[in-house]
Amino acid sequence: NSSSQLSSLPLQILLYVNGVYYIFYFLATLAMMIYKSQVFSYPDDFLAPDLAVLFLMAVLEVPRLYLGFKGNLTEAEAVLGLSLGLTVGSVVLCVYLLLWQTYVLWADVLLNAVLLSAYGLESGLKVTAIAAFVS
Amino acid sequence: VARLCVCDLLVAQCDANCCCDPDCSAQDFSLFTTCSVPVVRGDSQLCSQKAAVYSLDVEANPPEMIFKLIDQVNPSIFCIHATNYKEALYLKSPEIPTAENFDQLLDKFGGATFSAQPDSWSLDTDAQNRPEANETSRYEYGVPVQTEDAFLRLPSPVVSSWCSDANPAGFLVNQATKCIRSVSVEKCDSIQALSMLFYINSSILASVFQVNITVQSIIVQSLDGMRTLLSSSEGLRLPMVLDELCINAVLGVNYHITHTDTGEIIEAAAAFVLGAISKEALTIEQSFEISFTQENTQPVPLSGNPGYVVGLPVRAGFQPQGYPFPAAFLSNKHSQLTILQSTSTQDCLAAPGARAPVLFGYNMISGCRLRITAAMKCQPLAQTLLDVLKGQSFPEYVASFGNSQAQDVLDWVPITQLHISEQMISHTLQSSCQIPVSLGIEVKWTKYGSLVNPQARIVNVTATITTTTLKQLPSGRERIIPITSSVVFTDISSPAEPSYKVWPTINIKLPFDFFYPFV
């Protein structure tokens, strides 16, 4: 009976798919950075910030997804709100990797665009779910 | 990209087959065959870039040059979409040295090779020498012996026989060299290589202190070759011109370096041979030697281990008298088995006493000529000739193996002495004078040990003196007799018998009723 259940099913599915996709995204971006450092001239002081951003995003992703799952299932708006805040941080880092990396390959553009669209859709669904929980 | 033209080399003139040259007119294009530069573009790894394409249309009349500016697309998924790094695909322009970055640039690029880590390349020589001070104290085999200014020099002939002073002496490498140097008596005190100072003035670098080269002994050689050992209280003797002669010129240097067993040099001494150069001499021959000994040891050179090695001296010695039980032998350099050495003067009585050591395996023959006058007395002459042939201390025993120790009495072979008289038996008049005319040493040796690695072992040594009668000469006449001495090595080894065992045979005898029921 969907009227008594406030948890959002689309959000749950999206969070799950996001988790799986993120693992693929992390490995692919790391491999491409290694490829770029071998093929192109990639000095150390340009490589360090790019790698730092990638690892920071991975560190943020785990609590973000966990809080999202927990908030949606327990219908707790505070937890879901925290997850939304972490999503904003992840979006910023994703935009950095899309626009301000040292070398942006076409594959980078694709991966980051997909991730960005997933984040955007997730944020929308989270806002809807919070509105449903509060009211 | 449209303005770039790599083949436009001539200014204001049309280059042949260069389609992008702006100086070319339509008539010039009609003479071209192909375009040498068909495409001008940037790095092909970019996803999309502009490219200028030049081509010749040969079918049109007259042929035309077609220029197209197109967007070239790289279809690969790994094409570079954007870069935020200015020098991404370009060569880096080098830094302009200024007052601030000069030292850092000098560290990085100042050496013969560029290193990736500028910290390890310190051009500060003090800092470099001090941590390496521990390494210069320990020498390894072959490493040049370092002195204050450069290396310990051992002049030696390089390519030709002329002395080259740039040959360094290697640690633990015993060397002996001889070379020729051109001299002139007038300038002899200004030629550095003739003065003792040149060889001892720099001190050897070893551990934390420096080892000075001390003068061990000075031998002075006269013009006719006679050598005298000076007493050790003499100081440095520098060359100087005296009566058209140049005296105190260095004719030979013998370095003795003492080291510890860890490779540190603790002592260095040089023994000099100084001589005189006459006015007519344009060149002199200098000989140099360096030898290394470990401290507190007295090396005894072996002539083989255990069998004799061809070319090494035969070891000989004396047995101290009066010992009924086996005793040690005295064996040192002075009691070597030696043979008379032929000299240029060939006069037996004027021989300078130089003797050559008998080397194992080398048959030698040498001699001199004796001029007999009427005034010579027989007995002193016979004794002198015996000394000339046998030398001052003719040994009594010869070592059987190359490494025979002095304590093992059984390893030493006694020298058998034989006397043969040349006269016929019927003429033996013992009262008449007999003088020795030849000495023949025959060394019989055999192969000893295993078949694949036979060792040489001396079995028997016989020294035969042949004497002849000296007939009295009428006064005023003189005779010349040849005196010879020889060493012959004979191999008396018996043919080897290989001692391989016979293959075992199987002796099986069946009992005669083995096949009982059938046979």
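1. A:C94 has a relative accessible area of 0% and is therefore buried, where buried means under 20% relative accessible area, exposed means over 50%, and partly exposed lies in between, using a 1.4 Å probe and protein chains only. Please keep in mind that this is a predicted model, in which local features need pLDDT of at least 70 and side-chain atom pairs count only at pLDDT 80 or more, while totals for chains, interfaces and linings use all residues. Residues are numbered from 1 along each chain as its sequence is written, chains are lettered from A and ligands numbered from 1 in the order in which they are written, and side-chain values use heavy atoms, with hydrogens and water left out.

2. Another disulfide is that of B:C19 and B:C35, with the sulfur atoms 1.8 Å apart, and its -95° about the S-S bond makes it left-handed. Since B:C19 lies in the segment before α1 of chain B and B:C35 in the loop between α1 and β1 (39-41), the pair ties together parts 16 residues apart in sequence. Both B:C19 and B:C35 are buried.

3. B:C163 and B:C179 are also joined, at an S to S distance of 2.0 Å, and the torsion about their S-S bond is about 90°, so this disulfide is right-handed. The link ties together parts that are 16 residues apart in sequence, because B:C163 lies in strand β6 (residues 163-164) of chain B and B:C179 in strand β7 (residues 175-182) of chain B. B:C163 is buried, with a relative accessible area of 15%, and B:C179 counts as buried at 1%.

4. Leaving aside residues up to four places away in sequence, A:Y35 touches A:L105 and B:F78, where contact means heavy atoms within 4.5 Å.

5. The structure holds three cavities of 30 Å³ or more, and the largest cavity has a volume of about 60 Å³. A cavity is a set of points, on a 1 Å grid over the protein atoms alone, where a 1.4 Å probe fits but cannot get out, and lining residues have an atom within 4 Å of a point; the volume is the space filled by probe spheres set on the points, which are joined across faces, edges and corners.

6. The residues that line the largest cavity include B:T147, B:F151, B:R153 and B:Y255, and helix α5 (residues 197-200) of chain B gives the most to this lining, with three residues. By class, the lining has six nonpolar, three polar and one charged residues, where Ala, Val, Leu, Ile, Met, Phe, Trp, Tyr, Cys and Pro count as nonpolar, Asp, Glu, Lys and Arg as charged, and the others, Gly among them, as polar.

Key: On a 1 Å grid over the protein atoms alone, a cavity is a set of points where a 1.4 Å probe fits but cannot get out, and a pocket is an open set with protein on both sides within 12 Å along at least five of seven lines; lining residues have an atom within 4 Å of a point. Helices (H or I, at least four residues) and strands (E, at least two) are DSSP runs, numbered from the N terminus. A disulfide is a pair of cysteine sulfur atoms within 2.5 Å.
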